[in-house]
Amino acid sequence: MIRFATRLLSLAALLVGTWACTSPPDARPVTRPPLRWGGDAEGGAPFVEADAADPTRVRGFDVEIAAMIAQGLGRKPEFVQVAWASIEQSVARGDFTIGMSGLEDRPALHERFAVSLPYYEFREVLAVRAADSARFHTLADLGGRRVATLGSTMAWEMVLAAKIAHGVLPVSYDDDVHPYTDLVSGRVDAVLLDHVLAERSLRRIGGFVIQPAALARGHYVAVLAAGDSVLRDSVNATLRARMRDGALERVFRSWDVWNASQSEFQQRVLQDSVAARDASAATRGTTTSIATYLPALLRAAMITLALSVLAMTLAIVIGIGLAAGRVYGSRPLRILLTAYVEIIRGTPVLLQLFVLYYGLSDVVRLPAFAAAVIGLGLNYAAYESEIYRAALEAIPTLQLEAARTLGLSEVQILRLVRGPQALRLALAPMTNDFVALLKDSSLVSVITVVELTKQTAIYATNAGSWAIPGALCAIVYLSMSLPLSRMARRLEQRWTLS
């Protein structure tokens, strides 16, 4: 019995040893990390948009292309939302591996990133109102006219060049929807953007025509970090394979962006992808030196300063009226003015600018600069009124009673006793508000005013970095705000000694 048990144990040990020798050291499957790619769902279809059936998911032809690339790499795609203008910088800092969302091929990309082969060819087309379709065919026909486009794009560079050559008036937008709505409403005379965006807006809102002639051609690409050239080559291999088997064509057809020229373009890419990419890059030029952009930054700084001074003047005038009404007015008036202050302070200034410029366009069609001044002025008037009200109520009651005893009227008391003392108390917070207004003026770029921060963003996109443009922008802002703060401190010191 003992001998049988010993043999059984020996046999079991032999079987275990055999299994250990024939089995891999780790039989668990290797899980590859997901392929993180970035895009802007705010830009909408057909590039990337939130799925109406499930807002947590995204759809669009760039979404499907990203899925093809991930499948070719044996990984799962993982979408990362990022503002369109920040896609390249986010790739550089490692927020995700690949950036895609209608990114245009241009020479600066190849200097700083590993750029994929171009996977779609677009045409830059001019959109005009039907009444102008017979006379506006090119940018040369639009001298002295307002031409809208997206900042930091190939179209923007073309419009800037047309400004020098033909006197075109460039108007920069942060999205591709409002240029066309402003075209229909008469705020601008033409829109220059790629045909994908133009045709999408034509289907959505109508009211304009797209001129058939292509003013230029460009290409969409994907960008990877400069050190990911090996991965970029794998991405290119996948894109070529999907061109050969027709998968890319099926995707573009499903999103209604396929046209006859795409077949010829794909054949050129398959024959020589490097030549095709270089040809795309050669269609435009770029300069990113400080000397080139400094004049534009200084002009934008003047716009920022003028806008801030005018808006602050308006805010002070209205704020004084609000404060006086809340201190001296009747109860119904005080309730009404308090409601205004609380509504303005309780809602974002960005929302107020949108409502003033776009929401009220059917009632009053304000120029962009005027809307910016009024919007910021009305917003800051609410804050100024609180400063003045608090300053007025901070004056000791005994002084006011003494003035009344001397026979002074309320107007005389305000002018001779209460007002001067309240001004001293309000000066410091007023200065602080003006500095804040200088910075908040950057928000007006959403209604097409190209101020300092917007111009800096355009510079940073072309330069591929926020380091130098950001430093220049900060220096300009400081050069405007520091003298003001110094002047306010001198006034405070003078009034304190007097």
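Let me start in strand S10, where leucine 193 is the bridge partner of valine 125. Before going on, some housekeeping. This is a predicted model, with local features needing pLDDT of at least 70 and side-chain atom pairs counting only at pLDDT 80 or more, while totals for chains, interfaces and linings use all residues. Residues are numbered from 1 along each chain as its sequence is written, and side-chain values use heavy atoms, with hydrogens and water left out.

Okay, the overall picture. The protein chain has 19 helices and 13 strands; those are DSSP runs numbered from the N terminus, H or I of at least four residues for helices, E of at least two for strands. Of its 498 residues, 46% are buried, and buried here is under 20% relative accessible area, exposed is over 50%, partly exposed is in between, with a 1.4 Å probe and protein chains only. Take contacts between residues at least 6 apart in sequence: 75% of them join residues at least 24 apart, where contact means heavy atoms within 4.5 Å.

Now the partners. Two strands pair if DSSP finds at least two bridges between them. S7 runs antiparallel to S12 (residues 216-220), with 5 bridges joining them, and there glutamate 121 has histidine 219 as its bridge partner. With S10 (residues 190-194) the pairing is antiparallel over 4 bridges.

Next, an open sheet. It has 5 strands in the order S4-S1-S5-S13-S6, with mixed pairing. Why do S4 (77-81) and S6 (113-115) have one side left without a neighbour in the sheet? Because they stand at the edges, each with a single partner strand. S1 (residues 35-39) runs parallel to S4, joined by 5 bridges, and glycine 38 has valine 80 as its bridge partner in S4. Lying across S1, S4 and S5 (98-99) is helix H2, residues 61-72, at about 160° to S1; the axes are lines fitted to C-alpha atoms, for helices over the stretch in contact, and angles run from 0 to 180 degrees between N-to-C directions.

On to the cores. A nonpolar core is a set of buried Ala, Val, Leu, Ile, Met, Phe, Trp, Tyr and Cys residues joined through side-chain atoms within 4.5 Å. The largest one has 107 residues, and Phe61, Tyr119 and Ile447 have the most contacts inside it. Apart from it lies another core of 11 residues, including Phe96 and Phe113. As for isoleucine 447, residues it touches include Leu353, Tyr357 and Ala368.

Among the residues arginine 200 touches are Gly43, Pro46 and Asp176. Glutamine 267, in helix H10 (residues 260-271), is partly exposed, with a relative accessible area of 45%.

Terms used
Lists of a residue's contacts leave out its neighbours within four places in sequence.
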